[in-house]
Amino acid sequence: MDSTALVALLSEAVPGATIETAASTDSHPTIYVSRDDVPAVTRALRERPDLAFDFLAELTAADYWPRDPRFELIYVLVSIPRRARLRLKVRLAGNHDAHVATSVGVWPAANWLEREVWDLFGIAFDGHPDPRRLLMPEDWEGFPLRKDYPVQIRKTPNAAEPLQVTAEEFRANVMKDRLTRS
(Lines give C-alpha, C1' and ligand atoms only; values in the text may rest on other atoms or scores of the structure.)
Protein backbone atom coordinates (compact mmCIF):
# COMPACT_ATOMS: atom_id res chain seq x y z
CA MET A 1 0.00 0.00 0.00
CA ASP A 2 1.42 3.39 -0.96
CA SER A 3 1.27 6.71 0.91
CA THR A 4 -1.71 8.04 -1.05
CA ALA A 5 -3.85 4.98 -0.27
CA LEU A 6 -2.86 5.17 3.40
CA VAL A 7 -3.83 8.84 3.58
CA ALA A 8 -7.19 8.03 2.00
CA LEU A 9 -7.88 5.25 4.52
CA LEU A 10 -6.77 7.38 7.47
CA SER A 11 -8.79 10.38 6.31
CA GLU A 12 -11.83 8.12 6.25
CA ALA A 13 -11.01 6.66 9.68
CA VAL A 14 -10.14 10.01 11.32
CA PRO A 15 -12.20 12.73 9.62
CA GLY A 16 -10.67 16.19 9.91
CA ALA A 17 -7.17 14.93 10.69
CA THR A 18 -4.26 16.72 9.02
CA ILE A 19 -2.40 13.97 7.14
CA GLU A 20 -0.04 14.42 4.19
CA THR A 21 2.20 12.19 2.15
CA ALA A 22 5.97 12.56 2.04
CA ALA A 23 8.62 11.50 -0.42
CA SER A 24 10.59 8.41 0.52
CA THR A 25 13.83 7.04 -0.88
CA ASP A 26 12.99 3.47 0.08
CA SER A 27 9.89 1.35 -0.46
CA HIS A 28 8.31 2.30 2.89
CA PRO A 29 5.44 4.77 2.66
CA THR A 30 5.92 7.92 4.72
CA ILE A 31 3.20 10.21 6.01
CA TYR A 32 3.11 13.35 8.17
CA VAL A 33 0.49 13.82 10.87
CA SER A 34 -0.16 16.92 12.94
CA ARG A 35 0.71 16.73 16.63
CA ASP A 36 -2.91 17.07 17.73
CA ASP A 37 -4.04 14.15 15.56
CA VAL A 38 -1.44 11.64 16.78
CA PRO A 39 -3.70 9.84 19.33
CA ALA A 40 -6.57 9.30 16.89
CA VAL A 41 -4.34 8.38 13.94
CA THR A 42 -2.20 5.91 15.91
CA ARG A 43 -5.30 4.23 17.31
CA ALA A 44 -6.79 3.95 13.80
CA LEU A 45 -3.52 2.55 12.44
CA ARG A 46 -3.58 -0.20 15.05
CA GLU A 47 -7.29 -1.01 15.31
CA ARG A 48 -8.52 -0.87 11.71
CA PRO A 49 -8.35 -4.38 10.20
CA ASP A 50 -7.40 -3.02 6.78
CA LEU A 51 -4.37 -1.27 8.33
CA ALA A 52 -3.45 -3.41 11.41
CA PHE A 53 -0.12 -1.75 12.27
CA ASP A 54 0.27 -3.82 15.41
CA PHE A 55 3.99 -3.41 16.05
CA LEU A 56 5.98 -0.27 16.88
CA ALA A 57 9.46 -1.14 15.64
CA GLU A 58 11.16 2.18 16.35
CA LEU A 59 10.51 5.64 17.69
CA THR A 60 13.16 8.31 17.31
CA ALA A 61 13.54 11.98 16.51
CA ALA A 62 15.58 14.26 14.29
CA ASP A 63 16.75 17.76 15.15
CA TYR A 64 16.82 20.19 12.21
CA TRP A 65 17.97 23.22 14.20
CA PRO A 66 17.80 26.16 13.30
CA ARG A 67 14.92 25.27 10.98
CA ASP A 68 11.36 25.66 12.20
CA PRO A 69 9.69 23.30 12.94
CA ARG A 70 12.83 22.10 14.61
CA PHE A 71 12.04 18.46 15.41
CA GLU A 72 10.56 15.53 13.57
CA LEU A 73 9.30 12.62 15.62
CA ILE A 74 9.56 9.39 13.59
CA TYR A 75 7.51 6.25 14.29
CA VAL A 76 8.41 3.12 12.31
CA LEU A 77 5.36 0.85 12.32
CA VAL A 78 4.93 -2.72 11.10
CA SER A 79 1.78 -4.57 10.16
CA ILE A 80 2.68 -8.20 10.76
CA PRO A 81 -0.49 -9.72 9.21
CA ARG A 82 -0.24 -7.49 6.11
CA ARG A 83 3.59 -7.64 5.93
CA ALA A 84 3.81 -3.87 5.53
CA ARG A 85 5.83 -1.02 7.04
CA LEU A 86 5.00 2.63 7.57
CA ARG A 87 7.02 5.66 8.59
CA LEU A 88 4.84 8.11 10.51
CA LYS A 89 6.35 11.55 11.13
CA VAL A 90 5.25 14.42 13.35
CA ARG A 91 6.69 17.95 13.06
CA LEU A 92 7.29 19.70 16.39
CA ALA A 93 8.30 23.26 17.19
CA GLY A 94 11.67 23.83 18.80
CA ASN A 95 10.56 26.05 21.66
CA HIS A 96 9.26 24.68 24.96
CA ASP A 97 6.25 23.41 23.03
CA ALA A 98 7.97 20.20 21.84
CA HIS A 99 5.47 17.68 23.16
CA VAL A 100 3.01 15.13 21.84
CA ALA A 101 0.54 12.66 23.37
CA THR A 102 1.95 9.32 24.46
CA SER A 103 1.37 6.18 22.39
CA VAL A 104 1.89 3.75 25.26
CA GLY A 105 -1.83 2.89 25.30
CA VAL A 106 -1.66 1.92 21.62
CA TRP A 107 1.75 0.21 21.56
CA PRO A 108 3.18 -0.75 24.97
CA ALA A 109 6.69 -0.80 23.44
CA ALA A 110 6.45 2.99 23.19
CA ASN A 111 7.11 3.21 26.93
CA TRP A 112 10.89 2.90 26.78
CA LEU A 113 11.22 4.44 23.31
CA GLU A 114 9.42 7.62 24.41
CA ARG A 115 11.61 7.83 27.50
CA GLU A 116 14.69 7.56 25.29
CA VAL A 117 13.49 10.33 22.97
CA TRP A 118 12.67 12.56 25.94
CA ASP A 119 16.01 11.83 27.58
CA LEU A 120 18.10 12.62 24.50
CA PHE A 121 16.04 15.24 22.62
CA GLY A 122 13.81 16.79 25.29
CA ILE A 123 10.55 16.01 23.48
CA ALA A 124 7.88 15.44 26.13
CA PHE A 125 5.13 12.83 25.86
CA ASP A 126 1.90 13.96 27.54
CA GLY A 127 0.34 11.26 29.70
CA HIS A 128 3.41 9.01 29.76
CA PRO A 129 3.18 6.57 32.72
CA ASP A 130 6.87 6.79 33.73
CA PRO A 131 8.56 10.02 32.55
CA ARG A 132 12.02 9.42 34.03
CA ARG A 133 15.41 9.59 32.42
CA LEU A 134 16.45 6.32 30.83
CA LEU A 135 20.00 6.69 29.49
CA MET A 136 21.38 9.78 31.21
CA PRO A 137 21.82 10.16 34.99
CA GLU A 138 18.90 11.74 36.84
CA ASP A 139 20.90 14.90 37.60
CA TRP A 140 21.99 15.42 33.96
CA GLU A 141 21.23 18.85 32.56
CA GLY A 142 20.19 19.26 28.95
CA PHE A 143 19.51 16.90 26.09
CA PRO A 144 22.65 15.58 24.36
CA LEU A 145 21.23 14.84 20.90
CA ARG A 146 20.02 18.38 20.33
CA LYS A 147 22.17 20.19 17.81
CA ASP A 148 22.56 23.21 20.08
CA TYR A 149 23.77 21.09 23.01
CA PRO A 150 27.13 22.47 24.21
CA VAL A 151 29.97 20.14 23.30
CA GLN A 152 32.52 19.78 26.09
CA ILE A 153 35.52 18.79 23.98
CA ARG A 154 37.67 21.61 22.62
CA LYS A 155 40.03 20.10 20.07
CA THR A 156 41.05 21.45 16.69
CA PRO A 157 40.62 18.91 13.91
CA ASN A 158 43.81 17.56 12.36
CA ALA A 159 42.74 16.81 8.81
CA ALA A 160 46.31 16.58 7.53
CA GLU A 161 47.32 13.69 9.80
CA PRO A 162 47.86 10.29 8.15
CA LEU A 163 45.08 7.77 8.60
CA GLN A 164 47.52 4.92 9.26
CA VAL A 165 50.74 4.67 11.25
CA THR A 166 53.91 2.87 10.33
CA ALA A 167 55.03 -0.25 12.19
CA GLU A 168 57.69 1.75 14.06
CA GLU A 169 55.13 4.37 15.16
CA PHE A 170 52.79 1.63 16.31
CA ARG A 171 55.52 -0.06 18.40
CA ALA A 172 56.49 3.31 19.91
CA ASN A 173 52.86 4.03 20.82
CA VAL A 174 52.49 0.60 22.44
CA MET A 175 55.66 1.08 24.47
CA LYS A 176 54.58 4.57 25.55
CA ASP A 177 51.20 3.15 26.60
CA ARG A 178 52.87 0.35 28.59
CA LEU A 179 55.08 2.85 30.41
CA THR A 180 52.13 5.04 31.37
CA ARG A 181 50.13 2.05 32.68
CA SER A 182 52.91 0.65 34.91
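**Backbone exceptions and an enclosed strand**

Mentor: Ala52 has a relative accessibility of 12% and therefore counts as buried (buried is under 20% relative accessible area, exposed over 50%, and partly exposed in between, with a 1.4 Å probe and protein chains only).

Trainee: On what conventions do such values rest?

Mentor: This is a predicted model, in which local features need pLDDT of at least 70 and side-chain atom pairs count only at pLDDT 80 or more, while totals for chains, interfaces and linings use all residues. Residues are numbered from 1 along each chain as its sequence is written, and side-chain values use heavy atoms, leaving out hydrogens and water.

Trainee: Where does Ala52 lie?

Mentor: Ala52 belongs to the loop between helix H2 (38–47) and strand E3. Helices (H or I, at least four residues) and strands (E, at least two) are DSSP runs, numbered from the N terminus.

Trainee: Is Arg83 buried or exposed?

Mentor: Arg83 counts as exposed because its relative accessibility is 78%. Arg83 sits in the loop between E4 and strand E5 (84–92). E4 and E5 form a hairpin with 4 residues between them, and Arg83 is in that turn.

Trainee: Which peptide bond involving Pro66 is to be noted?

Mentor: The bond from Trp65 to Pro66 is cis, with omega near 10 degrees. Pro66 lies in the loop between strand E3 (55–63) and strand E4 (71–79). Pro69 is placed in the loop between E3 and E4, and the peptide bond joining Asp68 and Pro69 is cis, with omega about 5 degrees.

Trainee: How does E4 pair with E3 and with E5?

Mentor: Two strands pair if DSSP finds at least two bridges between them. E3 and E4 are antiparallel over 8 bridges, and E4 and E5 are antiparallel over 9 bridges. Glu72 of E4 is the bridge partner of Ala62, and Glu72 also stands opposite Arg91 in E5.

Trainee: How many residues of E4 are buried?

Mentor: In E4, 9 of the 9 residues are buried, so the strand is largely enclosed by the rest of the structure. Phe71, Leu73, Tyr75, Leu77 and Ser79 point one way, Glu72, Ile74, Val76 and Val78 point the other way, and all are buried.
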